[in-house]
Amino acid sequence: MIWTTLGFFAITAFSVYFHVRRTEGASAARRAAPAFARACARCGRQVAAGAQLCGHCGVPQQIFEVVRSKEVSGEPLESTEPMRAHVRNDQCVGCSTCVDACPEIGAITLRGKLAVVDPVLCIGHGECATACPVGAIAMLAGAAANRVQVPQVSTSFETNVSGLYIVGELGGRGLIKNAINEGKVAIEHIALARAADPPPAAEHEHVVDVAIVGSGPAGLSAGLEALRSGLSYVMLEQGSLADTVRKYPRHKILFAEPLNIPLYGDLWISDSSKESLLDMWEKVVATTGLQVRTNHRVEQVTRSGWLFRIHAGGHEYLARRVVLAMGRRGSPRRLDVPGEDLEKVVYDIVEMEDFAGRHVLVIGGGDSAVESALGLANQTGTTVTLSYRGEQFARIKDRNRQKLDRAVAEGRVSLMLRSTVQEIRRDVVVLDVEGTGTILPNDDVVIRIGGDPPAAMLERLGVRLVHKEIPLEPDVATAG
Ligand SMILES: Cc1cc2nc3c(=O)[nH]c(=O)nc-3n(C[C@H](O)[C@H](O)[C@H](O)COP(=O)(O)OP(=O)(O)OC[C@H]3O[C@@H](n4cnc5c(N)ncnc54)[C@H](O)[C@@H]3O)c2cc1C
């Protein structure tokens, strides 16, 4: 009996000893080797847990967040919880516009460069979501995920239309750094594909390797990478270089990010103003010799076989591949009247103060036209006329209607319903008001008649759009 008991204890002691040794060995091995979270979406090598860049190909993994997000049906998420604001951390630029717009003090605050919502204080006004300049806030009923509709792209940002790539904000991701990285990755893929193409036939020598639409951070980076890779390219921009960034409010401080610009190297834009970033980009363009055709709005892109035809600024360009880096703001709709190309005509207001003491004509019948007219009417010495071809403002918010009625009654805005602009001249505008020709003194024309969203172009090209579920930033209650 005693021998049986001793034997039992000996076997148990040995088992415990070997189990402890094995467990310790495994923990030591885990400590020695880095933990791998997932494979790099681009090169397939393992990326260490928590690492932002792939240690092998150097690509920031954040740019694949949307590509890798779960595809969903697009049906709204069911929830019985009340509506409240949710912030997308890959879109938020920490500008604090939402904090200023929120009527509930403390419901949304800035944590470093990120807006965070207090789920207890937020009661779902939605003012923050309306005010956010980058569309980073969604009003959702409880669920901590946002559903967005985005073009379906591969990890090289190629769409289902072979040879057509979508990068930057048009692909559903915000921020300058993401746009720059995506533009570079797409062109690197194109350069590899181009190397495998058969040599061009003599009649196709004028066909460029790639056409890049848009010269924002995504297009700029794509263009520089094309130049670096020796690809022939054409870069088309509807406005001026980096038009979206140019239209940020004056002296807007940028979200601090180190950036690697193709052909230029590291560029630290930590807390710099938009003016210094634009200066830097202009310097990069001048130093590298990148050719950007500004004032070339791309109206149409069609594909026949392997060839893309791009219509812009009255010209047709032919390209083997196309990178759409057009952002999401679309193209402002034009009046198409004589004089519309004069410099005094704008489609966006960057700074209301620039219009102080001037005669301004605002055109349009929606909220953006009314809000522009009201904002301008607050400037010292500005004469504001609001022209709309309709009989009444049928689709504006009640709040705007009340403010407009007050401004008209007080003589701060002169309203011209049933009026159309006939011609814009240097010092005057010619209008038809209910069949009568009217000439007004004029310094500036602000056209706010909507825009053509880039989605229409994608649809015509046959780009597949999908719904994705993007996880949102934890709330202030749960954020560390
Ligand atoms: C007010 C504001 C503040 C912001 N602050 C920050 C910040 O601090 N930090 C940050 O990282 N991000 C910020 N962002 C977001 C950032 O600007 C965008 O994420 C980024 O510019 C997206 O780059 P993109 O190249 O994809 O598109 P865009 O910069 O929008 O560039 C698209 C370009 O394509 C052109 N284009 C469009 N349609 C056509 C067409 N049909 N033909 C030819 N050209 C066309 C446009 O004119 C434009 O120049 C801010 C945005 C706004 C509005």
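Visitor: Which residue stands opposite leucine 361 in E20?
Guide: Threonine 385 stands opposite leucine 361 there. Before we go on: this is a predicted model, where local features need pLDDT of at least 70 and side-chain atom pairs count only at pLDDT 80 or more, while totals for chains, interfaces and linings use all residues. Residues are numbered from 1 along each chain as its sequence is written.

Visitor: How do you define the strands and helices?
Guide: They are DSSP runs numbered from the N terminus, with helices (H or I) of at least four residues and strands (E) of at least two. By that count the chain has 11 helices and 27 strands.

Visitor: And how many bridges join E19 to E20?
Guide: Five, and the two strands run parallel. Strands pair here if DSSP finds at least two bridges between them.

Visitor: Is E20 enclosed or open?
Guide: Strand E20 (residues 383–387) is largely enclosed by the rest of the structure, because four of its five residues are buried. Buried means 20 or more other C-beta atoms within 10 Å of a residue's own, exposed means 12 or fewer, and partly exposed is in between, with C-beta atoms placed from the backbone. Of the 480 residues of the chain, 33% count as buried.

Visitor: What's the strand order in that sheet?
Guide: The order is E18-E25-E19-E20-E21, five strands in an open sheet with parallel pairing. E18 and strand E21 (413–416) are at the edges with a single partner strand each, so one side of each has no neighbour in the sheet.

Visitor: What does E25 pair with on either side?
Guide: E25 pairs with strand E18 (residues 345–346) in the parallel sense over two bridges, and four bridges join E25 to strand E19 (residues 359–363), also in parallel.

Visitor: Which way do the residues of E25 point?
Guide: In strand E25 (residues 444–447), Asp444 and Val446 point one way and Val445 and Ile447 the other, and all are buried. In a regular strand, side chains alternate between the two faces of the sheet.

Visitor: Changing topic: what comes nearest the ligand?
Guide: There are 38 residues around the ligand, and Gly168, Gly214, Gly216, Thr244 and Gly327 come nearest. A residue is near a molecule or strand if its C-beta atom, placed from the backbone, lies within 6 Å of it. Helix H5 (176–195), helix H6 (217–229) and helix H7 (243–246) are the elements that give two or more residues to this shell.

Visitor: How does that shell divide by residue type?
Guide: Into 20 nonpolar, 11 polar and seven charged residues. Nonpolar covers Ala, Val, Leu, Ile, Met, Phe, Trp, Tyr, Cys and Pro, charged covers Asp, Glu, Lys and Arg, and the others, Gly among them, count as polar.

Visitor: Okay, and the largest nonpolar core, which residues touch the most other members?
Guide: Ala211, Val322 and Val323, out of 68 residues. The largest share of this core, seven residues, comes from H5. A core is a set of buried Ala, Val, Leu, Ile, Met, Phe, Trp, Tyr and Cys residues joined through C-beta atoms within 7 Å. Apart from that core lies another, of 26 residues, including Ala373 and Val384.

Visitor: Where are the positive phi values?
Guide: One is at phenylalanine 157, with phi near 70°, in the loop between strand E8 (145–151) and strand E9 (164–166). Another is asparagine 295, at about 55°, in the loop between helix H8 (274–288) and strand E14 (298–304). Most residues other than glycine have a negative phi.

Visitor: Is phenylalanine 157 buried or exposed?
Guide: Phenylalanine 157 counts as buried because it has 28 C-beta neighbours inside 10 Å. Asparagine 295 has 12 inside that distance, so asparagine 295 counts as exposed.
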